[in-house]
Every structure is written in structure tokens, then in C-alpha cells.
Amino acid sequence: MNKNVAKKLESLRKQHELTQEALAEKLGVSRQAVSSWELGNASPDTDNLIALARLYGVKVDDLLIDTGDQMDFKERREAFFGMGIGDDEKHPRGERSRAVSFPFPVLAVIAYFIVSYTTKRWDLTWMIFLSVPVYYYIVFWIEQASGKADRHWMELFPYPLIVAAVFLLVGFTTDAWHPAWILFLTIPIYFFILKALQNRKSGWRALLSGVYPTLAVIAFLLIGFFVPGGWTWSWLIFLTFPIWGWILKSNDNAKRKETLDK
């Protein structure tokens, strides 16, 4: 067998987090047979090729055609976005791609401080945070379109972007930047409702997802109204939101992976 094809078989197996023993059990062959395929010393027969293609969610031709670096790039892309990874029985609804766990919100916070200190335009650099919902909407839509996940419609609805658009429209047309900023306080409430609907059978998870943003909004308002000069710095509380969301998503992914490994 071509060495690149053998490497591809090994890469697909690892991408799906299968050991040689686990793959052999699924196919009804010996571990030595799987090892021989991945070393390029032997080729899977037709039945095993079909079984491998179904397991990995690819065409049989994709297993046999040597596309070199181009295929390596495709596999890395699909591993990141969770595309083309098989059927729902082997990848149950709710499993997340690596793109969801990627610390994009944390990078946005870092970029915000760097750009703000460099340009001194704190009045404009907050718009960097609009890239966070854009990033997740792109990832969610890719997952939805590829069959990776069956997401709740509220996850795919661009509520934060609509709020931002309304805020800018009101600000530029009426100069009512204050109190129009209060619109942004509805975003954590929106996602609290989403989490509550998604986890209505697990009340504590919905509470965990929503309690921090809710308390942060309350703290922001209390500091702003009752602490002299509090409005000038209490907004920093909201910089913790994307970090909090990323921690929750990473924790969910770790639990799903642990469940799948059992």
C-alpha cells in the first residue's frame, strides 16, 4: 500500500480518537491487521474499506487516493471544525469540534488591551469584542451544515450582533449613546434563557451557565450607581464574560470526551 494512504488511515483513526485495538474490534479484525495497514505492509479488503469509509464519514475513494499535503490540510481543517466525521450514532448530537474549545474570546480580550494601549482609542477598540459572536456563529453554522450538531435555533440567531447594530444606529442617529448601552445588558439574559432551555432537564447546569453573567450585570449596576466614579471602571467586569464562556465550553467538551471514552 502507498505510504501516504497508510498514513492517512492512521491519521483518520487518531482523529476519531480510536486505538488500533478499538478500531480492530469495530471492524472485526485483529489489531495486527490494522497495524499492517497503517505501516503500508497490507491493504484492507473491499468490505473493510467500506466499513472504514462509513466509520470515518468519507468516501472509499478518499481513503485510496493519495492527495499528499492537500489531504493533510483537509484533515486538519475538518478536525478543527468537526466536519465530515461520521454518522450520528458514532458521534452523538452535542459533541463539539475543536473550534468551539479554541480560546478565541481570551485572545479577543488580550487583543483589546494591546490595541487600546497602543492606539489610545478606548472609545472604538471595544468593537473587537463583536468578533467573538461572529466567530462562534461561523463555527456553529459550519457544524450545523456539516451535520456535526443539531443546534438550538437561538444559538444560530445573531442576537448580539443585532443588539450591537441597534446600539450603533441609535448612537449615531440620536447621539443617545447613554442610555443605549443598556441594550448590551440583555445579551447575558438572552444566553441565560438559551442555556435554561437547552438544559431544562439539568437545572443546575442552566444555573451555572447563567449565574455568573447575571451577578456581573448586577455588580456593574450597583457599582455604577453607588460608587463615585464607578461607571468609569466597572465596565471592566464585562471583559470576564468571554473568558467565562470559554471556560464553560471547554469544560463541556472535556466532559463529553470523557463520556465518549467510557
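Tutor: This is a predicted model. In it, ring pairs join Phe104, Tyr135 and Tyr136 into a cluster.

Student: How many aromatic pairs does the structure hold?

Tutor: There are eight aromatic pairs in the structure. One of them is edge-to-face, because the rings of Tyr135 and Tyr136 have centres 5.2 Å apart and planes at 80°.

Student: Are Tyr135 and Tyr136 buried or exposed?

Tutor: Tyr135 is buried, and Tyr136 is buried as well. Another aromatic pair, Tyr159 with Tyr190, is stacked, with 4.4 Å centre to centre and 5° between the planes.

Student: Where do Tyr159 and Tyr190 lie in the chain?

Tutor: Tyr159 belongs to helix α12 (residues 159-174) and Tyr190 to helix α14 (residues 186-198), so the pair links distant parts of the chain, 31 residues apart. Tyr190 is buried, its relative accessible area being 10%.

Student: Now the helices. At what angle do α2 and α4 cross?

Tutor: The axes of helix α2 (residues 20-27) and helix α4 (residues 46-56) come within 10 Å and cross at roughly 115°. That makes α2 roughly perpendicular to α4. Their crossing is right-handed.

Student: Which residues make the contact?

Tutor: From α2 they are Leu23, Lys26 and Leu27; from α4 they are Asn48, Ala51, Leu52, Leu55 and Tyr56. By class, this contact of α2 with α4 has six nonpolar, one polar and one charged residues.

Student: And which residues of α3 are buried?

Tutor: In helix α3 (residues 31-39), the buried residues are Val34, Ser35, Ser36, Trp37 and Glu38. They pack against α1 (3-15), α2 and α4. Just after α3, Gly40 adopts a positive phi of about 80°.

Definitions and conventions:
Residues numbered from 1 in each chain as written. Predicted model: local features only at pLDDT ≥ 70, side-chain atom pairs only at ≥ 80, totals over all residues. Heavy atoms only, no water. Axes fitted to C-alpha atoms, helices over the stretch in contact; angles between N-to-C directions. Helix = DSSP H or I, 4+ residues; strand = E, 2+ residues; numbered from the N terminus. Parallel < 35°, antiparallel > 145°, perpendicular 65-115°, else oblique. Left-handed = near helix turned anticlockwise from the far one by under 90°. Contact = heavy atoms within 4.5 Å. Nonpolar A, V, L, I, M, F, W, Y, C, P; charged D, E, K, R; others polar. Buried < 20%, exposed > 50% of the residue type's maximum accessible area, 1.4 Å probe, protein only. Phe/Tyr/Trp six-rings, centres within 6.5 Å; stacked < 30°, edge-to-face > 60°.
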